[in-house]
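These entries record what I looked up, topic by topic.

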Amino acid sequence: MNGKKVFEEMTPYKPGKQTAEVMKEYGLTKIVKLASNENPFGYSEKVKEAIPSLATDFEIYPDGYTTELRKVLATNLQVDKDQLVFGCGSDEVVDIICRTYLEEGSNTIIANPTFPQYKHNALIQGATVKEIPLLNGYHDLQGMLDAIDNQTKIVWLCTPNNPTGCLINEESLTLFMDECPSDVLVVVDEAYYEYVTTENAPDSIKALDKYSNLIVLRTFSKAYGLAGLRIGYGVANEKITTLLNITRGPFNTTSVAQGAAIVALEDTDFLSYSLKETAKNKQTFMNFLDELELEYYDSETNFVFVKLPISGDALFEHLLSKGYIIRSGEALGHPNGVRITIGKKEDMEQLQELIQAFLISVLEGKQS
Ligand SMILES: Cc1ncc(COP(=O)(O)O)c(C=O)c1O
(Lines give C-alpha, C1' and ligand atoms only; values in the text may rest on other atoms or scores of the structure.)
Protein backbone atom coordinates (compact mmCIF):
# COMPACT_ATOMS: atom_id res chain seq x y z
CA MET A 1 0.00 0.00 0.00
CA ASN A 2 1.72 3.16 -1.19
CA GLY A 3 1.53 6.43 0.70
CA LYS A 4 1.56 9.90 -0.84
CA LYS A 5 4.08 10.27 -3.67
CA VAL A 6 6.37 12.38 -1.52
CA PHE A 7 7.10 9.39 0.75
CA GLU A 8 9.07 7.76 -2.06
CA GLU A 9 11.88 10.18 -1.21
CA MET A 10 11.51 10.26 2.58
CA THR A 11 12.73 8.06 5.41
CA PRO A 12 11.65 7.88 9.05
CA TYR A 13 13.60 9.96 11.58
CA LYS A 14 16.67 8.00 12.62
CA PRO A 15 17.21 8.53 16.32
CA GLY A 16 20.78 8.68 17.65
CA LYS A 17 22.34 5.56 19.15
CA GLN A 18 20.67 4.40 22.33
CA THR A 19 22.79 4.33 25.48
CA ALA A 20 22.28 0.59 26.16
CA GLU A 21 23.18 -0.27 22.57
CA VAL A 22 26.48 1.66 22.72
CA MET A 23 27.40 0.19 26.14
CA LYS A 24 26.95 -3.33 24.82
CA GLU A 25 28.75 -2.68 21.53
CA TYR A 26 31.86 -1.21 23.15
CA GLY A 27 31.78 -2.99 26.52
CA LEU A 28 31.43 0.32 28.38
CA THR A 29 30.04 0.91 31.85
CA LYS A 30 29.23 4.61 31.40
CA ILE A 31 27.82 6.63 28.53
CA VAL A 32 27.67 10.41 28.31
CA LYS A 33 25.07 11.59 25.81
CA LEU A 34 25.90 14.98 24.32
CA ALA A 35 24.03 14.55 21.05
CA SER A 36 20.50 15.91 21.44
CA ASN A 37 20.92 19.10 23.47
CA GLU A 38 19.20 17.59 26.47
CA ASN A 39 19.84 18.95 29.95
CA PRO A 40 22.79 17.11 31.56
CA PHE A 41 21.65 18.35 34.97
CA GLY A 42 18.39 16.45 34.65
CA TYR A 43 15.28 18.21 35.87
CA SER A 44 13.91 19.84 38.99
CA GLU A 45 13.83 17.77 42.20
CA LYS A 46 10.45 19.36 42.81
CA VAL A 47 9.17 17.78 39.59
CA LYS A 48 10.51 14.41 40.80
CA GLU A 49 8.67 14.82 44.09
CA ALA A 50 5.44 15.82 42.33
CA ILE A 51 5.39 12.94 39.84
CA PRO A 52 3.73 10.33 42.12
CA SER A 53 0.81 12.66 42.77
CA LEU A 54 0.54 13.47 39.05
CA ALA A 55 0.72 9.84 37.98
CA THR A 56 -2.87 8.98 38.84
CA ASP A 57 -6.28 8.66 37.15
CA PHE A 58 -4.81 7.26 33.95
CA GLU A 59 -8.25 5.94 32.98
CA ILE A 60 -9.37 9.57 32.45
CA TYR A 61 -8.39 11.62 29.39
CA PRO A 62 -6.15 14.57 30.15
CA ASP A 63 -7.45 18.13 30.19
CA GLY A 64 -7.61 18.91 26.47
CA TYR A 65 -7.54 22.66 27.13
CA THR A 66 -4.43 22.39 29.36
CA THR A 67 -6.24 24.76 31.70
CA GLU A 68 -3.86 25.07 34.64
CA LEU A 69 -0.60 25.23 32.70
CA ARG A 70 -2.24 27.67 30.29
CA LYS A 71 -3.12 29.97 33.21
CA VAL A 72 0.41 29.89 34.62
CA LEU A 73 2.12 30.47 31.28
CA ALA A 74 -0.30 33.22 30.24
CA THR A 75 0.51 35.05 33.47
CA ASN A 76 4.28 34.51 33.14
CA LEU A 77 4.35 35.65 29.53
CA GLN A 78 1.69 38.34 29.99
CA VAL A 79 -0.39 37.10 27.10
CA ASP A 80 -4.02 36.14 26.82
CA LYS A 81 -4.78 32.50 27.68
CA ASP A 82 -6.12 31.86 24.19
CA GLN A 83 -2.88 32.97 22.60
CA LEU A 84 -1.36 29.63 23.61
CA VAL A 85 -1.37 26.29 21.82
CA PHE A 86 0.22 23.17 23.33
CA GLY A 87 1.83 20.20 21.67
CA CYS A 88 3.46 16.86 22.35
CA GLY A 89 6.80 18.67 22.27
CA SER A 90 7.27 21.72 20.06
CA ASP A 91 7.88 19.08 17.37
CA GLU A 92 4.13 18.54 17.29
CA VAL A 93 3.42 22.26 17.13
CA VAL A 94 5.65 22.37 14.01
CA ASP A 95 3.56 19.57 12.50
CA ILE A 96 0.29 21.28 13.46
CA ILE A 97 1.44 24.52 11.81
CA CYS A 98 2.34 22.69 8.60
CA ARG A 99 -1.01 20.85 8.54
CA THR A 100 -2.83 24.14 9.07
CA TYR A 101 -1.11 26.33 6.48
CA LEU A 102 0.62 24.19 3.86
CA GLU A 103 -0.74 22.29 0.87
CA GLU A 104 0.26 21.40 -2.63
CA GLY A 105 1.11 24.52 -4.62
CA SER A 106 2.24 26.46 -1.56
CA ASN A 107 5.82 26.93 -0.46
CA THR A 108 7.72 27.52 2.73
CA ILE A 109 11.14 29.03 3.40
CA ILE A 110 13.75 27.65 5.78
CA ALA A 111 17.45 28.16 6.44
CA ASN A 112 19.97 25.47 5.58
CA PRO A 113 21.07 23.83 7.81
CA THR A 114 18.33 24.24 10.39
CA PHE A 115 16.02 22.09 12.50
CA PRO A 116 14.98 19.31 10.08
CA GLN A 117 11.36 18.90 11.18
CA TYR A 118 10.23 22.07 9.37
CA LYS A 119 11.16 20.56 6.01
CA HIS A 120 10.01 17.06 6.91
CA ASN A 121 6.49 18.13 7.88
CA ALA A 122 6.19 20.64 5.03
CA LEU A 123 7.02 17.97 2.45
CA ILE A 124 4.38 15.64 3.86
CA GLN A 125 1.81 18.39 3.26
CA GLY A 126 2.92 18.57 -0.37
CA ALA A 127 4.50 22.03 -0.09
CA THR A 128 7.69 23.09 -1.83
CA VAL A 129 10.56 23.90 0.52
CA LYS A 130 12.94 26.74 -0.37
CA GLU A 131 16.22 26.41 1.51
CA ILE A 132 18.37 29.50 1.97
CA PRO A 133 21.97 28.78 3.04
CA LEU A 134 23.12 30.27 6.34
CA LEU A 135 25.78 32.97 6.31
CA ASN A 136 28.50 31.86 8.72
CA GLY A 137 25.92 30.14 10.91
CA TYR A 138 23.39 33.00 10.81
CA HIS A 139 20.11 33.20 8.87
CA ASP A 140 20.42 35.07 5.58
CA LEU A 141 17.34 37.14 6.36
CA GLN A 142 17.50 39.25 3.21
CA GLY A 143 17.89 36.06 1.15
CA MET A 144 14.82 34.64 2.88
CA LEU A 145 12.80 37.80 2.22
CA ASP A 146 13.87 37.74 -1.43
CA ALA A 147 12.65 34.14 -1.73
CA ILE A 148 9.09 35.05 -0.68
CA ASP A 149 6.53 34.90 -3.51
CA ASN A 150 2.75 34.77 -3.80
CA GLN A 151 2.68 31.09 -2.86
CA THR A 152 4.80 31.46 0.29
CA LYS A 153 2.84 30.59 3.42
CA ILE A 154 5.46 30.19 6.15
CA VAL A 155 9.01 31.35 6.91
CA TRP A 156 10.82 29.45 9.70
CA LEU A 157 13.33 31.32 11.85
CA CYS A 158 15.07 28.96 14.24
CA THR A 159 16.66 31.29 16.75
CA PRO A 160 19.06 30.37 18.17
CA ASN A 161 19.50 28.10 15.19
CA ASN A 162 19.95 24.38 15.55
CA PRO A 163 22.62 23.18 14.63
CA THR A 164 24.75 26.36 14.62
CA GLY A 165 23.55 28.08 17.81
CA CYS A 166 23.48 31.57 16.23
CA LEU A 167 20.77 34.01 17.34
CA ILE A 168 18.80 36.54 15.30
CA ASN A 169 19.16 39.80 17.22
CA GLU A 170 16.38 42.26 17.97
CA GLU A 171 17.23 44.73 15.22
CA SER A 172 17.46 42.01 12.55
CA LEU A 173 14.20 40.39 13.60
CA THR A 174 12.38 43.74 13.58
CA LEU A 175 13.73 44.61 10.14
CA PHE A 176 12.69 41.19 8.88
CA MET A 177 9.18 41.42 10.32
CA ASP A 178 8.71 44.93 8.94
CA GLU A 179 9.61 43.72 5.45
CA CYS A 180 7.78 40.39 5.53
CA PRO A 181 4.29 40.43 3.96
CA SER A 182 1.62 40.22 6.65
CA ASP A 183 -0.03 37.20 5.02
CA VAL A 184 3.11 35.08 5.46
CA LEU A 185 3.33 33.33 8.83
CA VAL A 186 6.71 33.77 10.54
CA VAL A 187 7.56 30.98 12.97
CA VAL A 188 10.20 32.01 15.49
CA ASP A 189 11.35 28.73 17.06
CA GLU A 190 12.92 29.53 20.43
CA ALA A 191 13.57 26.02 21.73
CA TYR A 192 16.80 27.30 23.33
CA TYR A 193 15.36 30.62 24.53
CA GLU A 194 16.33 30.16 28.19
CA TYR A 195 20.04 29.77 27.31
CA VAL A 196 20.30 33.10 25.49
CA THR A 197 22.48 35.62 27.33
CA THR A 198 23.19 38.37 24.80
CA GLU A 199 21.67 41.75 25.56
CA ASN A 200 20.39 42.39 22.07
CA ALA A 201 18.10 39.34 21.99
CA PRO A 202 14.61 40.15 20.71
CA ASP A 203 11.57 40.16 22.98
CA SER A 204 9.58 38.00 20.60
CA ILE A 205 6.56 37.71 22.91
CA LYS A 206 6.26 41.50 23.00
CA ALA A 207 6.61 41.55 19.21
CA LEU A 208 3.35 39.57 19.02
CA ASP A 209 1.50 42.81 19.83
CA LYS A 210 2.89 44.39 16.68
CA TYR A 211 2.90 41.50 14.20
CA SER A 212 -0.26 39.45 13.68
CA ASN A 213 1.61 36.98 11.44
CA LEU A 214 4.09 35.86 14.12
CA ILE A 215 4.16 32.67 16.21
CA VAL A 216 6.77 31.92 18.86
CA LEU A 217 7.58 28.31 19.78
CA ARG A 218 9.08 27.21 23.09
CA THR A 219 9.59 23.91 24.87
CA PHE A 220 10.07 22.22 28.23
CA SER A 221 12.50 19.74 26.65
CA LYS A 222 15.74 21.68 26.91
CA ALA A 223 16.49 24.01 29.85
CA TYR A 224 13.66 22.48 31.95
CA GLY A 225 14.97 18.98 31.26
CA LEU A 226 11.60 17.40 30.46
CA ALA A 227 12.29 16.04 26.96
CA GLY A 228 10.91 12.63 27.91
CA LEU A 229 7.52 14.05 28.91
CA ARG A 230 6.96 15.73 25.53
CA ILE A 231 5.45 19.14 26.05
CA GLY A 232 6.01 22.38 24.17
CA TYR A 233 3.90 25.32 23.07
CA GLY A 234 3.31 28.12 20.63
CA VAL A 235 2.27 31.72 21.36
CA ALA A 236 0.54 33.79 18.69
CA ASN A 237 -2.48 35.96 18.11
CA GLU A 238 -5.81 34.26 18.66
CA LYS A 239 -6.71 34.00 14.98
CA ILE A 240 -3.68 31.76 14.51
CA THR A 241 -4.10 29.70 17.69
CA THR A 242 -7.78 29.11 16.91
CA LEU A 243 -6.81 27.46 13.62
CA LEU A 244 -4.01 25.47 15.25
CA ASN A 245 -6.40 24.27 17.94
CA ILE A 246 -8.76 23.03 15.23
CA THR A 247 -5.93 21.05 13.67
CA ARG A 248 -4.39 19.53 16.80
CA GLY A 249 -5.59 16.31 18.40
CA PRO A 250 -7.98 16.95 21.30
CA PHE A 251 -5.81 15.27 23.98
CA ASN A 252 -2.31 15.80 22.63
CA THR A 253 -0.45 16.44 25.91
CA THR A 254 -0.60 14.12 28.91
CA SER A 255 -1.81 15.06 32.37
CA VAL A 256 1.63 14.16 33.80
CA ALA A 257 3.40 16.46 31.33
CA GLN A 258 0.99 19.33 32.01
CA GLY A 259 1.41 19.02 35.79
CA ALA A 260 5.18 18.58 35.63
CA ALA A 261 5.54 21.65 33.41
CA ILE A 262 3.77 23.79 36.03
CA VAL A 263 6.12 22.58 38.77
CA ALA A 264 9.13 23.07 36.49
CA LEU A 265 8.12 26.69 35.88
CA GLU A 266 7.84 27.30 39.62
CA ASP A 267 11.32 25.93 40.38
CA THR A 268 13.34 28.88 39.19
CA ASP A 269 16.32 27.75 41.34
CA PHE A 270 16.82 24.62 39.25
CA LEU A 271 16.55 26.61 36.04
CA SER A 272 19.10 29.21 37.20
CA TYR A 273 21.45 26.49 38.41
CA SER A 274 21.46 24.57 35.15
CA LEU A 275 21.76 27.75 33.05
CA LYS A 276 24.69 28.97 35.16
CA GLU A 277 26.55 25.65 35.04
CA THR A 278 25.96 25.34 31.29
CA ALA A 279 27.27 28.86 30.67
CA LYS A 280 30.43 28.16 32.74
CA ASN A 281 31.13 24.83 31.07
CA LYS A 282 30.46 26.32 27.64
CA GLN A 283 32.97 29.09 28.25
CA THR A 284 35.59 26.56 29.37
CA PHE A 285 34.90 24.48 26.27
CA MET A 286 35.20 27.51 23.98
CA ASN A 287 38.50 28.45 25.66
CA PHE A 288 39.70 24.91 24.95
CA LEU A 289 38.65 25.23 21.29
CA ASP A 290 40.46 28.58 21.07
CA GLU A 291 43.63 27.01 22.45
CA LEU A 292 43.43 24.29 19.82
CA GLU A 293 42.68 26.95 17.19
CA LEU A 294 39.47 25.16 16.27
CA GLU A 295 36.74 27.36 14.87
CA TYR A 296 33.14 27.23 16.04
CA TYR A 297 29.95 29.17 15.44
CA ASP A 298 28.71 31.82 17.89
CA SER A 299 26.43 29.97 20.26
CA GLU A 300 23.56 31.29 22.37
CA THR A 301 22.52 27.75 23.29
CA ASN A 302 23.58 24.71 25.32
CA PHE A 303 25.55 23.33 22.38
CA VAL A 304 28.48 24.35 20.21
CA PHE A 305 29.05 23.48 16.56
CA VAL A 306 32.76 22.91 16.05
CA LYS A 307 34.40 23.10 12.62
CA LEU A 308 37.08 20.42 12.24
CA PRO A 309 40.13 19.79 10.08
CA ILE A 310 38.89 16.16 9.78
CA SER A 311 35.51 14.56 9.11
CA GLY A 312 32.86 14.88 11.80
CA ASP A 313 32.11 11.16 11.43
CA ALA A 314 35.71 10.23 12.35
CA LEU A 315 35.56 12.17 15.62
CA PHE A 316 32.04 10.92 16.30
CA GLU A 317 33.06 7.26 15.87
CA HIS A 318 36.14 7.69 18.04
CA LEU A 319 34.27 9.38 20.88
CA LEU A 320 31.50 6.79 20.64
CA SER A 321 34.02 4.04 21.31
CA LYS A 322 35.03 5.94 24.46
CA GLY A 323 31.46 6.36 25.68
CA TYR A 324 30.71 9.89 24.45
CA ILE A 325 27.81 10.33 22.03
CA ILE A 326 27.99 13.57 20.08
CA ARG A 327 26.33 14.58 16.78
CA SER A 328 28.34 14.36 13.59
CA GLY A 329 27.78 17.25 11.19
CA GLU A 330 27.48 14.75 8.34
CA ALA A 331 23.71 14.40 8.68
CA LEU A 332 23.38 18.13 9.34
CA GLY A 333 24.88 19.20 6.03
CA HIS A 334 28.27 20.02 7.56
CA PRO A 335 30.56 16.98 7.08
CA ASN A 336 33.63 18.62 8.64
CA GLY A 337 32.06 19.45 11.95
CA VAL A 338 30.35 18.17 15.04
CA ARG A 339 27.63 19.52 17.29
CA ILE A 340 28.37 18.97 20.96
CA THR A 341 25.88 19.53 23.77
CA ILE A 342 27.49 21.16 26.80
CA GLY A 343 27.62 18.59 29.59
CA LYS A 344 28.71 18.44 33.21
CA LYS A 345 32.14 19.81 34.16
CA GLU A 346 33.83 16.44 34.74
CA ASP A 347 32.43 14.98 31.52
CA MET A 348 33.49 18.01 29.49
CA GLU A 349 37.01 17.79 30.92
CA GLN A 350 37.33 14.18 29.84
CA LEU A 351 35.75 14.93 26.46
CA GLN A 352 38.27 17.72 25.87
CA GLU A 353 41.17 15.37 26.61
CA LEU A 354 39.77 12.79 24.21
CA ILE A 355 39.22 15.35 21.43
CA GLN A 356 42.71 16.79 21.81
CA ALA A 357 44.43 13.39 21.81
CA PHE A 358 42.44 12.19 18.81
CA LEU A 359 43.05 15.28 16.71
CA ILE A 360 46.77 15.20 17.46
CA SER A 361 47.03 11.52 16.51
CA VAL A 362 45.05 11.95 13.28
CA LEU A 363 46.83 15.11 12.17
CA GLU A 364 50.29 13.71 13.00
CA GLY A 365 49.37 10.54 11.10
CA LYS A 366 48.38 12.65 8.10
CA GLN A 367 51.71 14.51 8.10
CA SER A 368 53.94 11.44 8.39
C1 LIG B 1 15.17 24.15 17.25
C2 LIG B 1 14.34 23.06 17.82
N3 LIG B 1 13.01 23.17 17.76
C4 LIG B 1 12.21 22.23 18.27
C5 LIG B 1 12.74 21.09 18.85
C6 LIG B 1 11.80 20.05 19.34
O7 LIG B 1 11.76 20.01 20.71
P8 LIG B 1 10.60 19.27 21.47
O9 LIG B 1 9.72 18.58 20.47
O10 LIG B 1 11.28 18.30 22.36
O11 LIG B 1 9.87 20.34 22.21
C12 LIG B 1 14.12 20.93 18.92
C13 LIG B 1 14.70 19.72 19.51
O14 LIG B 1 15.85 19.40 19.37
C15 LIG B 1 14.94 21.94 18.39
O16 LIG B 1 16.27 21.85 18.41
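**Entry 1: terms and basis.** I call a residue buried if 20 or more other C-beta atoms lie within 10 Å of its own, exposed if 12 or fewer do, and partly exposed in between, with C-beta atoms placed from the backbone. I worked from a predicted model, in which local features need pLDDT of at least 70 and side-chain atom pairs count only at pLDDT 80 or more, while totals for chains, interfaces and linings use all residues. I numbered residues from 1 along each chain as its sequence is written. For helices (H or I, at least four residues) and strands (E, at least two) I took DSSP runs, numbered from the N terminus.

**Entry 2: backbone exceptions.** I noted as background that most residues other than glycine have a negative phi, and most peptide bonds are trans. I looked up Gln 78, which is not a glycine and has a positive phi near 55 degrees. I found Gln 78 in the loop between helix 3 (67-77) and strand 2 (84-87). Gln 78 counts as exposed because it has 8 C-beta neighbours inside 10 Å.

I then turned to Asn 136, where phi is positive at about 50 degrees, again in a residue that is not a glycine. The loop that holds Asn 136 runs between strand 4 (128-133) and helix 6 (141-147). Asn 136 is exposed, since 9 other C-beta atoms lie within 10 Å.

I also checked peptide bonds. The bond from Asn 112 to Pro 113 is cis, with omega near 0 degrees, and Pro 113 sits in the loop between strand 3 and helix 5 (117-124). Asn 162 and Pro 163 are likewise joined by a cis peptide bond, with omega about 25 degrees. Pro 163 belongs to the loop between strand 5 and helix 7 (170-179).

**Entry 3: helix 1.** How many of the eight residues of helix 1 (residues 19-26) are buried? The number is zero, so helix 1 lies largely in the open. Just after helix 1, I recorded a positive phi of about 60 degrees at Gly 27.

**Entry 4: strand 5.** I found strand 5 (residues 152-158) mostly covered, with seven of its seven residues buried. I counted two strands as paired if DSSP finds at least two bridges between them. Strand 5 pairs with strand 3 (residues 107-112) in the parallel sense over three bridges, and Ile 109 stands opposite Val 155 in strand 5. Strand 5 also pairs in the parallel sense with strand 6 (residues 185-189), over five bridges. Leu 185 in strand 6 is the bridge partner of Ile 154.

**Entry 5: the core.** I defined a nonpolar core as a set of buried Ala, Val, Leu, Ile, Met, Phe, Trp, Tyr and Cys residues joined through C-beta atoms within 7 Å. The largest such core has 92 residues, and those with the most contacts inside it include Ile 97, Val 186 and Leu 214. Helix 4 (residues 90-101) gives the most to this core, six residues. Domain 1 and domain 2 both give residues to this core, so it lies between them.

Leaving out residues up to four places away in sequence, Val 186 touches Val 155, Leu 157, Met 177, Cys 180, Asn 213 and Leu 214.

**Entry 6: domains.** The bounds come from an automatic or database domain assignment, which gives domain 1 (5-43 + 269-363) and domain 2 (57-267). Their C-alpha centres lie 25 Å apart. I found 28 residues of domain 1 in contact with 26 residues of domain 2. Helix 11 gives the largest share of the side of domain 1 that touches domain 2, seven residues. By class, that side has 13 nonpolar, 10 polar and five charged residues. For these classes, Ala, Val, Leu, Ile, Met, Phe, Trp, Tyr, Cys and Pro count as nonpolar, Asp, Glu, Lys and Arg as charged, and the others, Gly among them, as polar.

I looked up Leu 275 in helix 11 (residues 268-291). Leu 275 counts as partly exposed because it has 18 C-beta neighbours inside 10 Å. Not counting residues up to four places away in sequence, Leu 275 touches Glu 194, Tyr 195 and Ala 223.

**Entry 7: ligand shell.** Which of the 13 residues around the ligand come nearest? I found Gly 89, Asp 91, Thr 219, Ser 221 and Gly 232, a residue being near if its C-beta atom, placed from the backbone, lies within 6 Å. The shell divides into four nonpolar, seven polar and two charged residues.

Definitions and conventions:
Two residues are in contact if their C-beta atoms, placed from the backbone, lie within 7 Å.
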